[in-house]
Structure formats: structure tokens, C-alpha cells
Amino acid sequence: RVRHIFFLVSRWLRLMPILVVALLSSACMGLNCAGEWKWYVVFLNNVMQQNACVGQAWSLAVEFQLYALTPLTLRLLYPRPGRGAGIARCTAGCGLLIAALIAVRAALPMTDSVE
């Protein structure tokens with residue numbers, strides 16, 4: 001447990017300086033990030049923010065979230081490797097279901113038409 005916290009803190013310290021530079025650059029260019037900075041600090045800007053000050057920072061948030069979840073997932077799978085296939089199927093199924101629901105709700109076309 002302590003290693004996982006150290007792992008996350010070291011990852012946060014690695015990603016945060018470049019994000020601070022990007023946020024300060026956005027502020028210097030006149031973008032108003034006053035209410036959004038807190039979501040960037042905890043790397044939830046891809047989920048919680050309404051307007052993106054630094055649009056490219058969603059990838060840093062996803063990276064940090066994956067770094068946070070991977071050790072927990074591996075710890076869950078380590079005692080019983082056979083459980084991994086079922087969890088992988090469930091995760092893939094849930095991901096496909098969520099993507100389909102988003103596509104239907106947003107009225108996105110299911111395929112691209114090539115003309």
C-alpha cells in the first residue's frame with residue numbers, strides 16, 4: 001500500500017510541472033482558467049471540467065488515472081490468475097456498452113460513409 005502511494009506521488013510530481021507550465025501559458029494568452037485549475041491538479045480534468053483551458057491535458061489525466069488503477073487491478077488479479085479472463089471480458093463488455101450508449105445519446109453515426 002505504501003509503495004502504491006509513493007508510486008502515485010512520484011507520477012504526480014513527474015507530470016505536474018509541465019501541466020503548470022501549460023496552465024500558466026494559457027493564462028498568459030488570456031484564457032480564463034480560474035475555476036478549472038483544481039481539476040487539473042487532481043488529474044480529473046478529462047471528467048469534471050466544463051471548458052478546457054488546456055485541451056491536450058486530457059491525455060495526462062487519462063495517463064495518471066491508468067497509473068492509479070493498474071496496481072489495484074494487478075493486486076486483484078494476482079491471487080487468482082483465472083479470474084483475469086472473466087474480469088477482462090466484463091471490462092471489455094462494459095466499455096463497449098458505454099461507447100454504444102454515448103453514440104446513441106449523441107446521435108453519432110455507427111459507421112463512416114465513404115463516398
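Reply: Start with Ser26. Leaving aside neighbours within four places in sequence, Ser26 is in contact with Leu31, Cys33, Cys53 and Val54; contact means heavy atoms within 4.5 Å. This is a predicted model, in which local features need pLDDT of at least 70, side-chain atom pairs count only at pLDDT 80 or more, and totals for chains, interfaces and linings use all residues. Residues are numbered from 1 along each chain as its sequence is written, and side-chain values use heavy atoms, with hydrogens and water left out.

Ser26 sits in helix α1, residues 2-28. Helices here are DSSP runs (H or I, at least four residues), numbered from the N terminus. Ser26 is buried, at a relative accessible area of 5%. Buried means under 20% relative accessible area, exposed over 50%, and partly exposed in between, with a 1.4 Å probe and protein chains only.

Arg11 also lies in helix α1. Arg11 is buried, with a relative accessible area of 11%. Not counting residues up to four places away in sequence, Arg11 touches Glu63, Phe64 and Tyr67.

Now the cysteines. Cys28 is exposed, its relative accessible area being 72%. Cys90 is partly exposed, at 47%. The closest cysteine sulfur to that of Cys90 is in Cys94, 4.1 Å away, which is too far for a bond. A disulfide is a covalent bond between the sulfur atoms of two cysteines. The rule used here asks for a pair of cysteine sulfur atoms within 2.5 Å. By this rule the model has zero disulfides.

Methods. Helix = DSSP H or I, 4+ residues; strand = E, 2+ residues; numbered from the N terminus.
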